[in-house]
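Hi there,

Here is the structure I promised to pass on. Have a look at it first, and then read my notes below.

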Amino acid sequence: MPTKAPEDRYDAAPFVPEDAGLDVLRRAAAECRGCPLHRAATRTVFGTGSTEARVMLVGEQPGDQEDRQGRPFVGPAGKLLDRALAEAGIDPSGAYVTNAVKHFKFTQAEPGKRRIHKAPSLREMTACGPWLAAELALVEPELIVILGATAGKALLGSSFRVSQVRGTVLEEEIHGRPERLVPTVHPSAVLRADDRESA
Ligand code: URA
Ligand code: SF4
């Protein structure tokens with residue numbers, strides 16, 4: 001049987017510098033070719049916030065606006081997230097915000113048409129995991145807030161179901177470190193809900 005060519009292997013690890021600070025990590029992530037998602041997307045959207053943050057929020061992947069602006073949660077889901085944080089009494093500057101997957105995955109009927117979000121595959125989430133592992137090692141948050149099913153699957157495995165664990169505190173080993181995690185629904189799911197206010 002032929003061995004797999006390197007381009008068939010999805011993995012960010014060869015691009016992740018060791019013992020790097022946040023700026024070096026972010027610059028390295030801008031050059032990541034660890035999976036095919038970098039090809040159609042505009043840029044890598046790395047996490048933002050202080051490495052001193054006590055809370056890390058993990059979303060799914062950048063959306064259209066995030067891909068254009070290069071920062072996580074600056075589009076409609078981000079606006080809702082800011083409101084939820086304010087209501088929960090969490091200062092956004094006290095949180096580090098990132099995504100399980102760092103490039104925008106989308107479908108587009110034809111060039112110039114609207115880009116429609118497409119969920120990343122488990123393979124893409126796994127490929128991008130080394131960036132999240134590096135962020136976790138650097139920030140060492142006291143709490144990880146999992147925003148939705150994709151982030152949950154990326155951190156806790158493919159059997160994760162947000163409806164079963166929503167709002168509970170989980171203690172799990174993630175990328176070799178003991179972490180406390182709180183899963184919640186993704187702000188985009190709230191935006192799609194029939195009754196937005198109660199969601
Ligand atoms: N949704 C996400 O999961 N992440 C973003 O950065 C924006 C929208
Ligand atoms: Fe690299 Fe992640 Fe982008 Fe894939 S999605 S190219 S693994 S940064």
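Valine 145 has valine 182, in strand S7, as its bridge partner. Strands here are DSSP runs of E with at least two residues, helices are runs of H or I with at least four, and both are numbered from the N terminus. S7 covers residues 177-184 and runs parallel to S5, with four bridges joining them; two strands count as paired if DSSP finds at least two bridges between them.

S7 also pairs with strand S6 (residues 170-174), this time antiparallel and over five bridges. Glutamate 173 stands opposite proline 178 of S7. Two residues separate S6 and S7 in this hairpin, and histidine 175 in the turn has a positive phi of about 45 degrees.

Now for helix H4. Just after H4, glycine 89 takes a positive phi of about 75 degrees.

Please remember that this is a predicted model: local features need pLDDT of at least 70, side-chain atom pairs count only at pLDDT 80 or more, and totals for chains, interfaces and linings use all residues. Residues are numbered from 1 along each chain as its sequence is written, chains are lettered from A and ligands numbered from 1 in the order in which they are written, and side-chain values use heavy atoms, leaving out hydrogens and water.

Best wishes
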